[in-house]
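Have the structure open while you go through them.

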Amino acid sequence: MLRRCRSLHNGTPIAAGSHGVRTGCRTTAQVRSPVVSPRIEVRNVAKAFGSLDALAPVDLRVDEGETVTLLGPSGCGKTTLLRMIAGLERPSSGEIVVNGMSPTDARRHKQIGFVPQSPALLPWRTVEANARLLLDINRRASPVTPSASVRDLLEEVGLGDFRDAYPHELSGGMQQRVGLVRAFAIDAPILLMDEPFAALDEMTRTDMRHLLGRLCEPLGTTVLFVTHSIPEATFLSDRVAVMSPRPGRVTDDVRIGLPHPRTPELEDTDRFFHVTTELRRSLAAGMQR
Amino acid sequence: MSPRTQRIVAPLVGVLAFGVVWELAVRIFDIRRFVLLAPSAILTELADAPGYYWSNAVVTGWHMVVGLSMSLLLAVGVGSLMASSRFIEEATQPVLVLVLVTPWVAYITSVVLWLGGGEQTVLFMVVLTSFPVFTFGVVGGMKSADPAARELLASVDARPWEIFWRLRLPSALPSIFTTARFAMGLGLAAAYFSEGSAFVTEGLGYIGQRAAAFNNAEALWATIVSSALLGIAGLVVITVLERLLLRWHSSQRS
């Protein structure tokens, strides 16, 4: 099991004393306040590519320890929004604050663990070396002692025996698991995931969301997840921002009241089914507006 | 025959057959020595003075290795600039094409006049002829780097040199090796020809040039065969390095 701090799900929220400081269970002498601090704040952010309005002004807030999903059809600007939060794209207008700083500074201080849509593994690096990649880059900002070692993380996702394998020897699901470990390894307070399971088959996909749920539960990491899969959004999220296309807008903000920890059995319950139905309706309503 | 033995035997059979046809053709049609010398005569010549041809082959090999290395270093530098800026790429490309297509044998006399002959002229010609090919390989390879991986590195604010070292250069290796084979052929030709016309006193090109001037067909053909062997040795080195460095690449998997 991972030995990192227990999260804030359903518990008393614990906020970091100051912005810009890596929080987590390692710091013991924290100033504790009962106020939940926002980890990601998007204020009135819009994006246009030339004359094409990709994203109408959008507001979004993700609190510490919260998992929020951007759910919407393709072309609704959810990936664009995520990329702007990751500092990979500049908004045309509006402001984004990530962990108390600009996205650019957040990148500089390695506050973001990014999981791209394709695993983006480097074919010349072994599984372990790939999982270490983000630790090796921009070393100054890397944690001196990561709370979980890369080896433990690989063990946790079932790749313990594949440490020395090369990416081409792995299945698609295994490759994306390396991608997850790579993001988790830098101990970033914020994880941004851009449809990480989109290219996987349905069965692997289900396994992967269960795995991700298991990894995220005990961490207290703030997660922003992009998907067009309703079960994925339901299973993983505390809140779902439903988006509609042309130009992209957030049309609904659905709180997912399902209990934690989320286990695979949950997906067979009526409550789960009700939530997926609600999300489907919300998506359809957004499309008709 | 097992596939393994066949891989060794088949090429040998091919080369031997080629040699036999060559030998017979020379004898039957009584071809003049300067046009084509029988393999047996060439081998006799090489066997008579192995040290002489060996030491001159070493000189030419040295010119080739040093020239190609300098060319590759230069190509990696220029190529990464071209891969990072569309403007630089578009500005540099026509110049490289010009260097590539202009027959260097036509202007080598001017180069000799300019650089004054000697080893630097030989090296200059090797670099000049192989540099455009190498550069195109570097640019193509670097631009093939996975854009998702580039974004991933950007998400933790990787410095340009980190992107170069950890992503772009390894991505360029497969195409660098592919172009290295062409570059080596061009570099060897340039080394041989320049040695013959740049007032150096060593190298296969130099002794070949002298042999031609003194109507010594045996020596001329011995340098030709030596150069060919040098080229084969170069290809072997490139292939071995490729096997070692590109084990991860799909081209190296059976």
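**Notes on the fold and its contacts**

1. Let me start in the sheet. Strand 3 (residues 67-71) and strand 7 (residues 222-227) of chain A run parallel and are joined by five bridges. At L71(A), the residue standing opposite is T227(A) in strand 7 of chain A. Keep in mind throughout that this is a predicted model.

2. Zooming out, that pair belongs to an open sheet of six strands in chain A, with the order 5-6-7-3-8-9 and mixed pairing. The edges are strand 5 (112-115) and strand 9 (249-255) of chain A; each has a single partner strand, so one side of each has no neighbour in the sheet. On average, neighbouring strands here are turned by 15° against each other, direction ignored.

3. Two helices are worth a look against this sheet. Helix 5 (residues 172-184) of chain A lies across strand 5 and strand 6 (190-194) of chain A, and runs at about 170° to strand 5 of chain A. Helix 8 (residues 270-288) of chain A packs on the sheet too, where it touches strand 3, strand 8 (239-244) and strand 9 of chain A. The direction of helix 8 makes about 30° with that of strand 8 of chain A.

4. Is helix 1 (residues 78-85) of chain A enclosed or open? Seven of its eight residues are buried, so the helix is largely enclosed by the rest of the structure. The buried residues are K78(A), T80(A), L81(A), L82(A), R83(A), M84(A) and I85(A). Just after helix 1 of chain A comes G87(A), with a positive phi of about 80°.

5. K78(A) forms a salt bridge with E195(A), with 3.7 Å between the closest N and O atoms. E195(A) sits in the loop between strand 6 and helix 6 (202-216) of chain A, while K78(A) is in helix 1 of chain A, so the pair ties together parts 117 residues apart in sequence. Both ends are covered: K78(A) counts as buried at 3% relative accessibility, and E195(A) counts as buried at 9%.

6. Which residue does R39(A) meet in a salt bridge? The partner is E64(A), at 3.4 Å from N to O. R39(A) belongs to strand 1 (residues 38-49) of chain A and E64(A) to the loop between strand 2 (52-63) and strand 3 of chain A, 25 residues apart. R39(A) is buried at a relative accessible area of 3%, and E64(A) also counts as buried, at 12%.

7. E41(A) is partly exposed, with a relative accessible area of 22%, and R43(A) is partly exposed at 34%. Across all chains the structure holds 26 salt bridges. Chain B comes in through a network of salt bridges that links D105(A), R108(A), D157(B) and R159(B).

8. On cysteines: the count of disulfides over all chains is zero, taking sulfur atoms within 2.5 Å as the rule. C76(A) is buried, at 0% relative accessible area, and C216(A) counts as buried at 11%.

9. Last, confidence. Chain A has a mean pLDDT of 81, and 87% of its residues reach 70 or more. Over residues 1-34 of chain A, pLDDT stays under 50, and the model has 77 contacts beyond four places in sequence for that stretch.

Notes: Residues numbered from 1 in each chain as written. Chains lettered and ligands numbered in written order. Predicted model: local features only at pLDDT ≥ 70, side-chain atom pairs only at ≥ 80, totals over all residues. Heavy atoms only, no water. Pairing = 2+ DSSP bridges. Helix = DSSP H or I, 4+ residues; strand = E, 2+ residues; numbered from the N terminus. Axes fitted to C-alpha atoms, helices over the stretch in contact; angles between N-to-C directions. Contact = heavy atoms within 4.5 Å. Buried < 20%, exposed > 50% of the residue type's maximum accessible area, 1.4 Å probe, protein only. pLDDT = per-residue confidence, 0-100. Salt bridge = Lys/Arg side-chain N within 4 Å of Asp/Glu carboxyl O.
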